[in-house]
Amino acid sequence: MMPFDHVNAGSPGEAVDLLTSYGGKGRLIAGGTDVLGILKDRILPDYPDVLINLKTIPGMDSIKESGEGLNIGALAKLADIASSPEIKAEYPALSLAAESVASPEIRTMATIGGNLCQDVRCWYYRYPHHMGGRMLCFRKGVGPCYAVKGDNRYHAVMGGKKCFAVCPSDTAIALCALQAKISIFGGEGTRTLPLEKFFTPMGNVLRSNELVKEILIPKPTQETRQAFIKFTERKPVDFAVASIACVLEILGGRCMDARIYLGGVAPMPWHAEAAERIIKGGSLDDPTAEEAALASVAGAKPLKGNAYKIEIVKALVKRALLRRQ
Amino acid sequence: MTEKVGAIGSSIPRRGALDRLTGASMFSADFRLENPLALRAVRSPHSHARVLRIDTEEASRMPGVARIFTARDIPGKNLTGIINKDRPLLVEDKVRFVGDPVALVAAETEEAAERAAGAVNVLYEVLPAVYDPADALANEAPLIHEKGNLLFRRRVVRGDAASAFSSCAVVVEETYRTSFLEHCYLEPDAGAGWVDADGTLVIIASTQNPHYDHSEVAALLGVEDGRIRIIQAATGGGFGSKLDLNMQGFIGLALYHLQRPVRCVYSREETFIATSKRHALIMEMKTGAGKDGRLHAMKCRILCDTGAYGSYGIAVASRAAVHAGGPYEIEHVDTEVLCVYTNNPVAGAMRGFGTPQVAFAHESQMDLLAEKLGMDPFEIRRRNALRVGSVTATGQKLEASVGIGECLDAIKESYEKARSARSDRGDSPFTCRGVGIGAMWYGIGNTGMQNPSTAQVEIDLDGAVTLYTGCADIGQGSTTVLAQIAAGTLGLAPDEIRMIVADTKLTTNAGATSASRQTYISGNAVRDAAAKLVDVLLTEAVDLMKVPKNSLAVEGGFVVYKGDTDRRIAFSKLAARARRKGIPLRWQGYFDPVTSPLNPDTGHGEPYATYAYACHLAEVTVDITTGEVTVDRVVAAHDVGRAIHPEGVVGQICGGVAMGVGFALMEEFKPGVTASFKDYHIPTANDMPEVVPLIVESSEPTGPFGAKGVGEPALIPTAPAVLNALSDALGKRIYHLPANLERVLEAANKRG
C-alpha cells in the first residue's frame with residue numbers, strides 16, 4: 001500500500017475542517033474495511049495524502065432507544081447493532097441485515113455509517129492497479145461501463161443506465177424499509193433527509209465537506225412484521241446476489257401498509273413500489289405473493305449474464321411475504 | 001520384514017502439528033533476515049505483445065532501489081519448465097499472457113520495490129492474441145511459440161471403436177466443458193534467501209519439489225550444482241501450483257548478483273495472476289453400451305487449454321487420455337487429447353492432472369447410458385467396474401489391488417437409503433432433492449515415465465535412527481507417513497525416527513510431491529533404505545547370537561530371537577560392531593515404479609504400476625426458484641491399498657470433498673476478470689456437506705505395507721457425484737462446470 005498520513009479527528013467539526021483544509025486530498029476513515037481495500041488496490045486514479053480518522057470522535061458510536069425510535073451513531077459497529085437486544089426485538093430487519101454482513105472480524109470493525117457509504121464491488125471498477133493497471137470506467141468519470149459487454153453476473157438488473165454496479169449495502173435496504181432518516185453534518189451545519197434520498201445512481205449525496213453523523217429510525221408499531229433475506233453464493237462472507245427487506249403492517253389479517261426494498265439488483269436500494277401496491281389492503285396469500293413477486297421485477301432489464309437474479313428476487317419476495325412470524 | 005504393531009495403520013499425532021497450532025512453524029515469509037532486499041516482478045499488462053524496450057533508468061534512480069534485473073542479467077539458460085522448457089524467467093522478446101514477468105526489482109523495502117516496479121517503462125507492440133484453444137489451432141491463428149500452438153497430442157486406441165458403435169444398443173454423445181481454476185492454497189507463494197559463508201546460494205521456499213527447484217536455479221544461473229541449496233520451509237498447501245518455479249528463480253538471480261539476503265513474498269493477487277491454473281477442458285464424448293449395460297465403445301476428443309506456457313500441460317493431456325474412460329472395462333476406445341497454447345494464464349498441475357475434468361464427463365455419460373437403458377446408475381457402474389485381470393485402454397492387464405468394486409459395494413447401502421428417501425419432498429415446495437454417484441480411478445505417479453524416489457536411513461552409535469528424505473510435506477502429512485514406514489520396518493515407534501526433510505544439501509531426491517506418489521513411491525524408497533539397515537543389524541546379530549537370520553526380528557530398538565524374545569541385542573551395540581568392521585551405517589533406498597512408456601500412436605503401454613479407486617455418493621437439495629444448491633451429504637469410499645495413517649486419509653478425503661464442491665458449484669477463474677478471493681469463491685465451512693469417509697483397503701503387493709495413495713483421488717469423484725445428483729433432482733443435466741446459480745436456474749426453468 002502506498003503511504004498516507006493518518007490524522008485523528010476529535011469532533012465532527014474538526015473532521016469537516018480537516019476535510020476542507022486538505023481539499024480533495026483527504027478521505028474519511030472509520031472502520032476502514034472498505035477504504036483500505038480501495039487504497040491497497042489503488043483502484044481510483046486519485047490517492048489521498050491523508051486519512052481522517054473518525055473513530056476518535058467520542059460518543060458517535062452510541063445506540064439509543066427512546067419512545068420515539070432508535071438513534072444510531074454513524075460509528076456504531078455492525079457487530080454491536082447485530083447483537084443489541086433492543087434492535088433484535090424491535091427492529092429485527094436491521095439486526096438481521098447487520099448480522100448478514102461479511103465475517104465476524106469485519107463486523108467488529110465496520111460501522112453503520114461506512115456500510116451505507118461503501119463503494120461498489122463491481123469487479124471491473126475494483127480491478128487492482130498493480131495487476132496490469134486499473135480499469136477506467138464510467139463510474140470513474142472516463143470510459144464505458146465494462147459490465148455491459150463483459151461478465152455481468154453480479155451487476156444490476158434494474159435501474160442501471162451508464163453504470164451497472166449495484167449498491168452493496170445490506171443495512172441500506174433494511175433501514176429504507178424501516179423509514180430511517182440520515183443526519184449529515186457538514187460545513188453548512190446539519191441536514192436530515194430520508195435515507196432513501198441519500199443514495200444516487202453513482203453513490204450518495206454527501207458533499208466533499210460532509211460526513212454521516214447519525215441514523216434515526218422511527219419506532220415501528222405493534223402490528224409491524226419485518227423480514228430481511230439475503231441470497232449469497234456461499235453461506236457466510238459474501239455480498240448479496242440479491243436481498244430483500246420488507247416491513248409490513250398487518251391488522252386483522254390484512255396488510256395495511258408495506259415497504260419492500262431490494263438489494264444487490266440496482267445501483268441504489270430498489271423500492272419495489274409496484275409490489276407494495278398489490279399487497280396493500282388485502283390478505284397475504286399465495287396468489288397475492290406470486291403477483292407481488294412478478295410486480296417486483298416488472299420492468300427489469302437484465303444484462304446478458306444476470307437474468308437469473310430476477311428469478312431469485314421473485315423467490316425472495318415470495319419467501320419474505322409468506323414468512324410466518 | 002516384520003511389522004511393528006502400532007506404527008502402521010495408527011493415527012499418531014502428525015509431525016509438526018503442534019508447531020502449526022502454536023504458531024512456531026516457520027513459513028518462508030517468517031524468516032527474519034538481516035537487512036533483506038524485497039523483490040518485486042514487473043509483469044505484463046498485455047496478453048500477447050512484443051517487448052520493444054525496457055527502460056529501467058528512471059526506476060533505478062528511485063530511493064531504495066538496489067537493482068533492476070532484466071533477461072540480460074540471467075547468466076545461464078533463461079528457459080524453465082519441468083517437462084518442456086519454454087518459459088523464460090524474465091521475458092526477453094515477447095510476453096504471452098497478462099502477468100508474464102519482464103523485469104525484477106530489488107529494493108530496500110516492499111514499498112520502494114512496488115514504487116520502482118510501477119516506474120519501469122516497458123514499450124510493447126501489442127500482437128493479436130488468441131484465447132480459445134480451437135481458435136489457436138486454426139491456420140491463421142497468432143503463433144504463440146515458434147514451434148506452433150499445438151504443444152502435444154496423446155492418442156489412446158484400443159480395438160475398433162468406430163465399428164463397435166453400430167453394435168451398441170444405446171449410444172450417448174455429449175460435449176462437456178470445465179473452467180480454469182485457481183489453487184487457493186492458504187499460503188501465497190513466498191521465499192527467502194541468503195549467501196552462506198562458503199558462497200552457497202541458500203533459498204528457502206514454499207515448494208512441492210525442492211530438487212527440481214535446485215536443478216532449475218542452477219541452470220538459470222549457470223553455476224555448478226553444489227553452489228545451490230534449496231530448503232523447503234513449512235508450506236501452506238500447494239495443490240500442484242508450487243510444482244512450478246514461482247519465486248525461486250527470482251531469489252536465485254538476486255542472490256547471485258547482489259550477494260545480500262532477499263525475500264520475495266507474493267500477495268494473494270500476485271498468486272492469482274502469476275501462478276498456474278487448472279486446465280480448462282472441452283471434452284466431446286461418445287459412449288456406447290449393450291442392452292445389458294456393458295460398455296462396448298468410447299470415442300473421446302479433448303481440447304486442453306494450457307495457456308501461455310507448457311508447465312505440466314503434457315502430463316495433464318496424457319493423464320486425461322489414459323483416464324478418459326473411467327474405472328470401467330471398455331473394449332473399443334478411440335481417444336485423442338490435444339494440448340494447446342493460448343494467451344490465457346499458464347495452466348499447470350492441479351490436484352488430479354486432468355482426471356477431475358474427465359471424471360465429470362465419463363460419470364455423466366454413465367448416468368446418461370443408465371437412463372437410456374432404464375438401468376440403475378449404481379448397477380451400470382457395478383457391471384462395468386474394472387477387476388483383477390481387466391485390461392485397460394492402454395492394453396495394461398491389472399494384476400492386483402483393483403478396489404473399485406469394493407468401493408461401490410461400500411456405498412451401496414447408503415445409496416439405496418438415499419434413493420428411497422429423496423422422494424420425501426422436504427418441507428418446502430420450492431426444493432427438490434437428488435442423489436448421484438461419481439466414480440474414478442487414478443494412476444499413482446507420473447504417466448509412463450520413470451519417476452524414482454530415494455531416501456536414506458542412518459543409525460548412530462547410540463542406536464538412534466535418522467531418516468533423510470527429499471519429500472516435501474506441503475500439509476498432506478508425508479513426513480509422518482514416511483516416519484511410520486521407517487518405524488514399521490525397523491520395529492521402532494514412529495516418534496523415535498528423527499526426520500531430516502526436503503533440504504537439497506542434506507537429503508537426496510524424492511521427486512515431486514504430486515501425482516499422489518509420495519506414500520507409494522517415496523514410501524517404498526524409505527522401506528528399501530530401512531530394510532537394508534535392518535539387514536545389516538540382523539547380520540551382526542547372527543554373528544553374536546549364533547542363530548539363523550530368519551529366526552531374528554527387530555523390535556523396540558533390539559534384534560530379538562523369535563524363539564525366545566528374552567534373547568536380544570540392542571541396536572546400539574550392533575551399530576558399534578558394524579562401524580568397527582567398516583560397514584556403512586547410512587543406507588540409501590530407491591524405488592521406481594514399474595511402468596513402460598506409452599506408444600505415441602496407440603497410447604499402449606503400462607503408464608502406472610498401480611491405481612487408486614474411489615466412488616462418492618452425493619445427496620443434494622436444490623431450490624428451484626433460486627438455483628441454490630446445498631450438498632447435504634457425501635459418502636466417500638476410497639481404495640487406498642492400506643491406510644498407513646487413517647486420520648490423514650480422512651483429512652485428505654474431507655479436503656478433497658471441499659475442493660470438489662467448489663469445482664462442481666462455484667469455482668471459475670476468468671482471465672482478465674478474476675483478481676482475488678473477492679471474485680473467486682471457494683466453499684467455506686458452512687458450505688461443507690456432512691462427509692462420511694469409508695476407507696477400503698485392497699492391498700497393493702508392490703506398495704509399502706500395501707499402500708497406494710489418496711491425495712488426488714480424494715477430490716475427483718465429488719464433482720461428478722454432485723452433478724449427477726443435481727441432474728437427478730432437476731431432471732435436467734448441466735454440461736458446463738461450475739454448475740453455478742445461473743446454470744442451475746436455467747436447468748430448473750427448462751424442466752417440464
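This is a predicted model: local features need pLDDT of at least 70, side-chain atom pairs count only at pLDDT 80 or more; totals for chains, interfaces and linings use all residues.
**Ground rules.** I take local features only at pLDDT of at least 70 and side-chain atom pairs only at pLDDT 80 or more, while totals for chains, interfaces and linings use all residues. Residues are numbered from 1 along each chain as its sequence is written, chains are lettered from A and ligands numbered from 1 in the order in which they are written, and side-chain values use heavy atoms, with hydrogens and water left out.

**Entry 1: chain A against chain B.** I looked up the contacts (heavy atoms within 4.5 Å) and found 31 residues of chain A touching 31 residues of chain B. The buried area, which is the accessible area (1.4 Å probe) that two parts lose on being put together, summed over both, is about 2,900 Å² here, and carbon and sulfur atoms give 60% of it. On the chain A side, M131(A), R234(A) and K235(A) lose the most area to chain B, together 20% of what that side buries.

I then counted salt bridges (a side-chain nitrogen of Lys or Arg within 4 Å of a carboxyl oxygen of Asp or Glu) and got seven between chain A and chain B. One of them joins R319(A) to D623(B), with the closest N and O atoms 2.3 Å apart. For polar contacts I used pairs of N or O atoms within 3.5 Å; within protein, one must be able to donate a hydrogen and the other to accept it, and residues adjacent in sequence count only if both atoms are side-chain atoms. The rule finds nine such residue pairs across this interface, both residues at pLDDT 80 or more.

Helices here are DSSP runs of H or I with at least four residues, and strands are runs of E with at least two, numbered from the N terminus. Helix 2 (35–41) and helix 12 (308–322) of chain A each supply at least two residues of the side that touches chain B. Helix 12 of chain A gives the largest share, five residues.

**Entry 2: domains of chain B.** The bounds come from an automatic or database domain assignment. For chain B they are domain 1 (17–25 + 452–591), domain 2 (31–128 + 184–274) and domain 3 (280–447 + 598–751). The centres of domain 2 and domain 3 of chain B, taken over C-alpha atoms, are 36 Å apart. I found 23 residues of domain 2 of chain B in contact with 25 of domain 3 of chain B. The two bury about 2,000 Å² between them, 64% of it on carbon and sulfur atoms. I83(B), F239(B) and F272(B) supply 31% of the area that domain 2 buries against domain 3, more than any other three residues. I searched this interface for salt bridges and the rule finds zero, but there are nine residue pairs in polar contact.

**Entry 3: strands of chain B.** I count two strands as paired if DSSP finds at least two bridges between them. Strand 24 (residues 611–623) and strand 25 (residues 628–639) of chain B run antiparallel and share eleven bridges. They form a hairpin with four residues between them, and G627(B) in the turn has a positive phi of about 85°. Strand 25 also pairs with strand 26 (residues 690–696) of chain B, in the parallel sense, over seven bridges. There, V635(B) has V692(B) as its bridge partner.
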